[in-house]
Every structure is written in C-alpha cells, then in structure tokens.
Amino acid sequence: MDAARTVPAPLSQLPNALTIARLALIPVYVVLVTHADGGHSWTAAAVFGVAGVTDQIDGYLARRWHVESGFGKIADPLADRLMIDAAVLLLWHAGRLPWVALAIPARDVFLIAVTPLALGRGYRFEVNFLGKVATWFMYASLGFVMVTRESTSWPLWAFWTGFGIAAVSLLLYTRKARREVAV
C-alpha cells in the first residue's frame, strides 16, 4: 500500500464516487422540484439535503484518507454550484425567491468562466472557508425554503446570510487570484 494512502485503493475512490453521485442527483432534483406545487416539495428537499450531506462527507473523507484528487478539487465545488444554482433558478421561477437571488447563479457562471483562465496563468484553486460556509448556508436555507410555506420568512434570512457570505468569499477569491495570476 502506498504510504500516502491510509485506505485500500478501491475505497480511496469513494469521495469521487460521492461527487459523481451528487452530480447525478441534479436532474433528479430538477424533475422533483419542477413537478412540485410552487417549489414546495419534501421529496425535492430530501434529495437536495442528501446532496448537501454528501458534499460534507466526500471532502472529509478525501482529506482524512489523504486521497484528494485533481478531479475532486474541481468536480466537488462544481457539483455544489450546479445543484445550488438549479435550486435558486427553480425556486425563483416558482416565486419562492426574489429576482436578486439570481446573482448567485450569475456569480457562479462568472467563476466557472474565469477559473480555467486563471488556472492556466498560475492560480491555485482552493475552496476558502467562507466559500464552504456560504455553501452550507445555501444548502440549508434552500432546503428550508422548499419545505416551508411561502409566507415563512426565516429561511430567506438564512439565504441572505449565505448570500452575503458568498459575496465576501468571491471578494477573497478575487484578491487571491490577483496576487497569484501572472499578468
């Protein structure tokens, strides 16, 4: 067994398999929420919650077992962005989120577009702590939006907290990119 690995080789692929499973849950979630009554669906929220939990598990296992991979470093945050963006777009369309919430998928489109360019110029992509916290808030708040009545405001407060944290995290990513990217 390789010294860097602390688990058997087949088990070392579990974090990436969980990321792939999360990507596979996106179309399932989309179908469930589009057939939901005004974005209200316990089943869609459960699928969304499973995605959020697997996000925590795959990263934890990869770090704990020392099996981080280039694939995981890109696919894991991409899976989160795609799932959260799908939720924001569909919940906005269902009238459960205000139009300003569309800044989340817009930010993510921007990040997805510029990340390959920055990587090619020396940027080392690493998810920052605030980015993780924002993701936790997004998963939790959007899940709560799906299972509460439209008139319930506290899930939106959690959403806006995550939104603010995501904005700060974007500023930190931008500052880090400016320092690292060769002009």
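This is a predicted model: local features need pLDDT of at least 70, side-chain atom pairs count only at pLDDT 80 or more; totals for chains, interfaces and linings use all residues.
Residues are numbered from 1 along each chain as its sequence is written, and side-chain values use heavy atoms, with hydrogens and water left out.

**Nonpolar cores**

- A nonpolar core is a set of buried Ala, Val, Leu, Ile, Met, Phe, Trp, Tyr and Cys residues joined through side-chain atoms within 4.5 Å, where buried means under 20% relative accessible area with a 1.4 Å probe, protein chains only.
- The largest such core has 28 residues, of which Tyr29, Phe48 and Leu142 touch the most other members.
- Two or more residues of this core come from each of H1 (14-34), H2 (42-64), H3 (70-93), H5 (129-147) and H6 (154-180), and H5 gives the most, with eight residues; helices are DSSP runs (H or I, at least four residues), numbered from the N terminus.
- Beyond its neighbours within four places in sequence, Tyr29 is in contact (heavy atoms within 4.5 Å) with residues including Phe48, Met83, Leu90 and Met146.
- A second, separate core of six residues includes Leu18, Leu61, Ala62 and Trp65.

**Helix H2**

- The buried residues of H2, among them Phe48, Asp55, Asp58 and Leu61, pack against H1, H3 and H5.
- At its N-terminal end, H2 is capped by Ser41, with a side-chain oxygen 3.4 Å from the backbone nitrogen of Thr43.
- Just after H2, His66 takes a positive phi of about 60 degrees.

Key
Buried means under 20% relative accessible area, exposed over 50%, partly exposed in between (1.4 Å probe, protein chains only). A polar contact is a pair of N or O atoms within 3.5 Å; within protein, one must be able to donate a hydrogen and the other to accept it, and residues adjacent in sequence count only if both atoms are side-chain atoms.
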